[in-house]
Amino acid sequence: MRPGHGDIELAGLCKSYDGITNVVDGVNLKIPDRAYCCFLGPSGCGKTTILRMIAGHEDPTAGEIVIGGENVLGLAPVERRTAMMFQSYALFPHLTVRDNIAFALRVRGQSRLERYKAVDLMMEKVRLTELADRLPANLSGGQQQRVALARAAITEPRVLLLDEPLSALDEQLRVQMRQELRRMQRELGITFVHVTHTQLEAIALADIVVVMEKGKIKQSGPARDVYAYPRDRYVAEFLGGQNIFSGKVEQVGSDHLVISQPHRTGIHVGVQADRRVGIGDRIDLAVRRDDIELMRATSGEPGGGATALPGRVLAIEYQGSFVKVMLDTIPDEEFIAYVPERTFFQDPFNVGDVLLATWSAGRARILA
Ligand SMILES: Nc1ncnc2c1ncn2[C@@H]1O[C@H](COP(=O)(O)OP(=O)(O)OP(=O)(O)O)[C@@H](O)[C@H]1O
């Protein structure tokens with residue numbers, strides 16, 4: 001395997017199938033060599049089209065694709081040194097694991113000896129040595145996936161493109177294979193670009209998460225940035241784990257703002273250097289579900305700088321390590337607190353209880 005030169009740059013990338021609508025609309029992105037990058041977004045947002053353009057299976061309508069410093073437009077997939085792994089692994093049913101993996105090398109005319117040497121090495125890397133002589137029908141879903149990955153990686157690509165690689169697997173296997181993918185990416189030492197519509201998959205795997213909407217990038221960055229600091233309502237809603245609601249700026253202080261809502265007043269928000277707001281502005285706020293603390297309404301107000309809003313418990317769901325408590329704290333918006341399991345059971349709440357939901361000003365974020 002020759003690693004390196006797997007950095008990708010997309011510049012002004014557009015794709016239209018009908019000459020009218022851009023299904024990929026001005027995408028600019030840099031993916032470093034050997035990064036694990038996940039494109040995340042709902043069905044139809046253009047993720048697969050971007051993948052296919054990087055692979056060379058589809059031509060952009062406008063823009064550039066540069067891999068390892070080389071403009072690859074017009075080059076065939078083999079010349080780009082990209083490889084694609086598909087959702088349905090598309091293994092040859094009549095070939096053994098070894099021959100499935102060797103297939104691309106046979107097409108390239110490598111000698112039997114060369115092929116078998118390369119395939120043995122690859123099988124070791126992806127832990128398939130024991131299964132070398134099996135047919136795909138006699139493999140589990142996870143094992144089939146490893147064969148598909150090995151078959152793509154044997155061509156020594158500098159970039160491996162994966163289109164919803166885990167969607168055919170059941171939940172438990174998906175979580176297991178997530179770790180396998182990450183391990184194999186490190187082992188192969190190449191860039192992975194992975195398309196998914198599953199938030200957890202993206203944040204668990206990726207060095208860089210790219211959140212897309214209608215052909216455009218809404219936000220990209222390390223998983224934690226995108227999850228903990230969503231830029232706007234769309235990203236916050238898509239990544240989940242946040243309470244999102246809008247309000248009007250009533251006061252602007254040196255370190256915090258006071259926001260009101262049709263139903264609630266006295267919502268404190270820390271000043272954010274990246275968001276300039278003035279009195280009267282309408283803003284969207286996000287507060288993480290796990291940053292909300294719930295108190296009995298009788299236990300007094302929280303300390304200075306905190307927000308405390310009343311709410312009735314609508315539903316309670318046990319989730320194992322935490323308990324999900326739904327309240328009507330912000331009427332017309334979903335409002336949920338994640339209470340650590342042990343904390344919850346020290347003094348459990350019931351549906352119908354009226355509580356105070358509190359959080360400190362610094363925990364509320366202003367969205368664009
Ligand atoms: N060959 C094609 N001809 C015409 N329209 C297409 C073609 N391929 C994709 N599209 C359209 O382009 C848009 C983006 O499709 P794409 O497959 O890239 O989305 P996606 O985000 O990967 O969604 P999914 O997760 O459902 O695959 C969709 O509206 C789709 O219908």
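1. In this predicted model, helices α3 and α5 are roughly parallel to each other, because angles under 35 degrees count as such and their axes cross at roughly 30 degrees. Helix α3 covers residues 97-107 and helix α5 covers residues 141-153, and the two axes come within 7 Å. The crossing of α3 and α5 is right-handed.

2. On the α3 side, the contact is made by Val-97, Asn-100, Ile-101, Phe-103 and Ala-104, while α5 supplies Val-147, Ala-150 and Arg-151.

3. Which residues lie around the ligand? They are Tyr-17, Val-23, Gly-41, Ser-43, Gly-44, Cys-45, Gly-46, Lys-47, Thr-48, Thr-49 and His-197. With 3 residues, helix α1 (residues 47-55) gives the most to this shell. The shell around the ligand divides into 3 nonpolar, 7 polar and 1 charged residues.

4. The domain assignment places residues 8-233 in domain 1 and residues 241-367 in domain 2. The centres of domain 1 and domain 2, taken over C-alpha atoms, are separated by 40 Å. The contact takes 6 residues from domain 1 and 7 residues from domain 2. On the side of domain 1 that touches domain 2, the residues divide into 3 nonpolar, no polar and 3 charged.

How values were computed
Residues are numbered from 1 along each chain as its sequence is written. This is a predicted model: local features need pLDDT of at least 70, side-chain atom pairs count only at pLDDT 80 or more; totals for chains, interfaces and linings use all residues. Axes are lines fitted to C-alpha atoms, for helices over the stretch in contact, and angles run from 0 to 180 degrees between N-to-C directions. Helices (H or I, at least four residues) and strands (E, at least two) are DSSP runs, numbered from the N terminus. Angles under 35 degrees count as roughly parallel, over 145 as roughly antiparallel, 65 to 115 as roughly perpendicular and the rest as oblique. A crossing is left-handed if the near helix is turned anticlockwise from the far one by less than a right angle, and right-handed if clockwise. Two residues are in contact if their C-beta atoms, placed from the backbone, lie within 7 Å. A residue is near a molecule or strand if its C-beta atom, placed from the backbone, lies within 6 Å of it. Ala, Val, Leu, Ile, Met, Phe, Trp, Tyr, Cys and Pro count as nonpolar, Asp, Glu, Lys and Arg as charged, and the others, Gly among them, as polar. Domain bounds come from an automatic or database domain assignment.
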